[in-house]
Amino acid sequence: MNLSTSVGSVRLPNPVMTASGTAGHGLELARYLDISELGAVVVKSLAAYEWAGNAAPRVHPAAAGMLNSVGLQGPGLARWLERDLPKLAEAGARVVVSVWGRTVQDYALVCDALGATNSQAMSAVVAVEVNVSCPNLEDRGQMFSHSATATKDVLASTQGCGLDCWAKLSATGNLTEIASAAIEGGAKGLTLINTLLGMAIDTQTRQPVLGGGGGGLSGAAIGPVALRAVFDVYAEMPEVPIVGVGGISSAQDCLAMLMAGASAVQVGTATFADPRAPAKVLAGLASWCEQQGVETLEEIIGVAHG
């Protein structure tokens with residue numbers, strides 16, 4: 001049985017990764033599982049500068065999921081390269097660096113800086129995930145991923161990193177059009193999907209619960225939406241590698257994503273309830289493949305399309 005898979009030119013030993021924003025910037029999950037056994041560790045999104053994020057409270061339970069308004073808090077790329085990446089490399093992790101920015105130039109800055117880094121630990125970095133589901137200050141706060149033009153511009157600006165870039169998109173607007181624009185801009189793969197916009201209101205205080213007002217909905221509640229997004233984009237663009245994310249907490253969730261057309265998956269919100277969730281999903285996938293006589297993942301990727 002061979003669980004290896006490819007996302008563009010990136011070859012992974014198995015398809016199970018962590019999801020950006022849910023596993024920290026470094027070894028936060030290492031006390032619960034062997035991160036070197038995962039396909040890759042996707043770190044929390046980094047900008048070219050330190051960012052404080054939103055006011056507390058930042059997370060709130062939702063029906064079958066979670067709302068978050070962390071606001072992309074992070075130490076900035078330079079500090080992460082010095083503090084966290086060497087530890088990840090030493091632990092044997094394959095690392096996907098998630099990046100974000102408030103402007104197209106911000107994305108260029110962080111990716112150019114990443115491409116100019118020549119530390120030994122950079123050998124652990126296998127790809128860059130470009131989080132375009134961020135407020136675009138150049139377009140009155142609308143998310144980059146809401147616009148095909150903005151998405152293409154962002155991906156074009158990230159090519160200085162010298163690594164495969166995956167565009168992380170939300171299930172909004174004409175997703176296949178946005179996905180096509182990302183590929184035209186230079187993306188070598190797609191991560192589908194990011195959180196969906198949501199909020200909660202405290203009926204006692206009559207105010208939004210989260211410090212940032214609204215937030216992103218993740219977890220099981222968005223699983224069917226994510227699965228449909230992967231299915232639809234694969235149907236239109238079967239040659240484009242897809243990483244499926246959203247509501248994955250079991251081997252069955254993982255299998256559904258693969259059958260819909262994903263070449264790999266990410267486990268995110270499930271780790272808040274069980275930090276060992278990614279390892280359990282991987283073990284369950286291996287067990288299912290053994291029971292079903294599946295020797296390679298190519299046998300099941302996209303099979304739901306008939």
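Two strands count as paired if DSSP finds at least two bridges between them, and both strands (E, at least two residues) and helices (H or I, at least four) are DSSP runs numbered from the N terminus. The close-ups below come from a predicted model, where local features need pLDDT of at least 70, side-chain atom pairs count only at pLDDT 80 or more, and totals for chains, interfaces and linings use all residues. Residues are numbered from 1 along each chain as its sequence is written, and side-chain values use heavy atoms, with hydrogens and water left out.

**View A. Leucine 197 faces glycine 216 of S14.** Here S11 meets strand S14 (residues 215-218) in the antiparallel sense, over three bridges.

**View B. An open sheet is built from four strands.** Their order is S5-S6-S14-S11, with antiparallel pairing. Strands S5 (59-62) and S11 (196-198) are at the edges with a single partner strand each, so one side of each has no neighbour in the sheet. On average, neighbouring strands are turned by 35° against each other, direction ignored; axes are lines fitted to C-alpha atoms.

**View C. Helix H3 (residues 104-115) crosses helix H4 (residues 148-157).** Their axes, fitted for helices over the stretch in contact, come within 8 Å and cross at roughly 25° (angles run from 0 to 180 degrees between N-to-C directions). H3 is therefore roughly parallel to H4, a label for angles under 35 degrees.

**View D. Six side by side: the residues where H3 and H4 touch.** Val104, Tyr107 and Ala108 of H3 are in contact (heavy atoms within 4.5 Å) with Asp153, Val154 and Ser157 of H4. By class, four are nonpolar, one is polar and one is charged.

Key. Angles under 35 degrees count as roughly parallel, over 145 as roughly antiparallel, 65 to 115 as roughly perpendicular and the rest as oblique. Ala, Val, Leu, Ile, Met, Phe, Trp, Tyr, Cys and Pro count as nonpolar, Asp, Glu, Lys and Arg as charged, and the others, Gly among them, as polar.
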